[in-house]
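Hello,

Here is the structure I promised to pass on to you. Please have a look at it first, and then read my notes below.

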Amino acid sequence: MGLTRNRRKKEPEIVIARDTESSSSEEEEEEDDDDYPLSESEKGDEAVKIELEKSKAKGKAPITVKLKKVCKVCKQPGHEAGFKGATYIDCPMKPCFLCKMPGHTTMSCPHRVVTDHRILPTSHRNTKNPIDFVFMRQLQPRIPPIKPPYVIPDQVHCAVIRYHSRRVTCLEFHPTRNNILLSGDKKGQIGVWDFAKVYEKSVYGNIHSVQVNNMRFSPTNDDMVYSASSDGNIGYTDLETGTSSTLLNLNPNGWQGPTTWKMLYGLDINSDKGLVLAADNFGLLHIKVVGLDCNPVHPELLLSCGNDHFARIWDMRKLQPGESLNDLAHKRVVNSAYFSPSSGTKILTTSQDNRIRVWDSIFGDLDSPSREIVHSHDFNRHLTPFKAEWDPKDASESLIVVGRYISENYNGAALHPIDFIDSSNGQLVAEVMDPNITTITPVNKLHPRDDVLASGSSRSLFIWRPEEKTEMVEEKEKKEKKIVICYGDSDKKGKKQKRGSDDEDEDDDMFSSKGKNIKAKAKTTKSTRRTKA
């Protein structure tokens, strides 16, 4: 019986030959097993030994520097942590990556969303004042006491693969034409897609030079759209012709250095007063403001959020530094903040501390949120920020949708699902995913009138519908012999753009150059939906 010999794992070394002669240093000799073929690392060690012998032959003692492996998270040796592919390995020196609390790992976190969402308790003061009475009498009746049944778009109906040349950053449905979807990307392009006809799509690349952060349709012309970009411009674009004009330019003299360059993030329209509102990276209070939202019932109320870890409520009639009505504190950067779509009395925020926060009444105690929902959306870079958004069709103003960062194992595949959450209790209503979508989906938009979900994953767009509606549409398309998936051809149709490679986003593409046909695999690998009672 042969004996198995264990080799000691060696740390990588860098050998630097001396230019001058010096005394020889003692070297530790390690056993080498010739019975096994050399691996790549061992071949490197063998080359080091050869260099060492050459240096000894010349009478020069080399300088040996040992490189020890350290943890990417805490920078300490002895263990490894961080993301390996789509799997997160916890660092024993740091708290849980998901809930940011010590004492357990991410895999065993009690807030893990694959089992159930958990809500962190928050302290509240017992406040009763005349404003509460007004809220209960006048605004509360807008919200029905019984929740309607949720309709979840859980099946991929159609898609455009690699539609944009860079990753998708924002989505917006047309206000009157149900099948028109607008999409902005990191390169500054704006796409117009008729997902009912699938192949009718256009990409305009002459509007902005860098990332599109927000889009809003004109309240007086459905074919015109406003767009805010990191180039400091607000564009006003005709969707039929692609003709664009600049409404606002914060950098008229061009690049003058990073300290003076202004970027536009937040954008909203006050239709009652005919105002287009925008927020740059310096903000009204010389802080970075990244989001704006006007109250649907009280247009004079404005909600902003930014990198100063606050969401703030403003009165547009008194926009002065330090004059905000309320400051909603967060522990990290606030990605988004939205009023509830019908009554405007609730507030929904998404923060980088893996928390979704809900305030049930803007007239009540705003010192602390009504609920904090632990959810995975703390990322590093090269990714569009996650933003939890209301379902505009939900009369109870409780259903929200948000993508998930940390992947989960579904039948052996690491997928990043899209979560539907009941914000009134933090329960996971459904998690939807498709085996063909293996990339992260941070950009999601629910249709304001139809049971449709639009998702932006890397450079691709996906349209989701409920399973029963998808089957009905599939039967109709079989009769008409339509194909419901196509590939982007944004360099055609005479658009002013070039199809370039995106080094940051290349790894996010889940389809090869030949691609995969979702509809062809629908019979064998259907989209998965998990629901909670």
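Let me begin with strand 18 (residues 301-306), which pairs with strand 19 in the antiparallel sense, over five bridges. Within this pairing, Leu302 sits opposite Trp314 of strand 19. The two strands make a hairpin, with three residues between strand 18 and strand 19. If you look at the turn, you will find His309 there with a positive phi of about 70 degrees. Please keep in mind that this is a predicted model.

Strand 19 has another partner: four bridges join strand 19 to strand 20 (residues 326-329), and this pair also runs antiparallel. Here Phe310 has Ala329 in strand 20 as its bridge partner. Strand 19 covers residues 310-315, and five of its six residues are buried, so the strand is largely enclosed by the rest of the structure. With buried taken as under 20% relative accessible area, you can check this on your side.

Now to another part of the chain. Four strands form an open sheet there, in the order 11-12-13-14, and their pairing is antiparallel. At the edges stand strand 11 (212-217) and strand 14 (244-249); each has a single partner strand, so one side of each is left without a neighbour in the sheet. From one strand to the next, the twist averages 25 degrees.

The partner of strand 14 is worth a look too: strand 13 (residues 233-238) runs antiparallel to strand 14, and five bridges join them. One of the bridge pairs is Gly235 with Thr246 in strand 14.

Best wishes

Notes: Residues numbered from 1 in each chain as written. Predicted model: local features only at pLDDT ≥ 70, side-chain atom pairs only at ≥ 80, totals over all residues. Heavy atoms only, no water. Buried < 20%, exposed > 50% of the residue type's maximum accessible area, 1.4 Å probe, protein only. Pairing = 2+ DSSP bridges. Axes fitted to C-alpha atoms, helices over the stretch in contact; angles between N-to-C directions.
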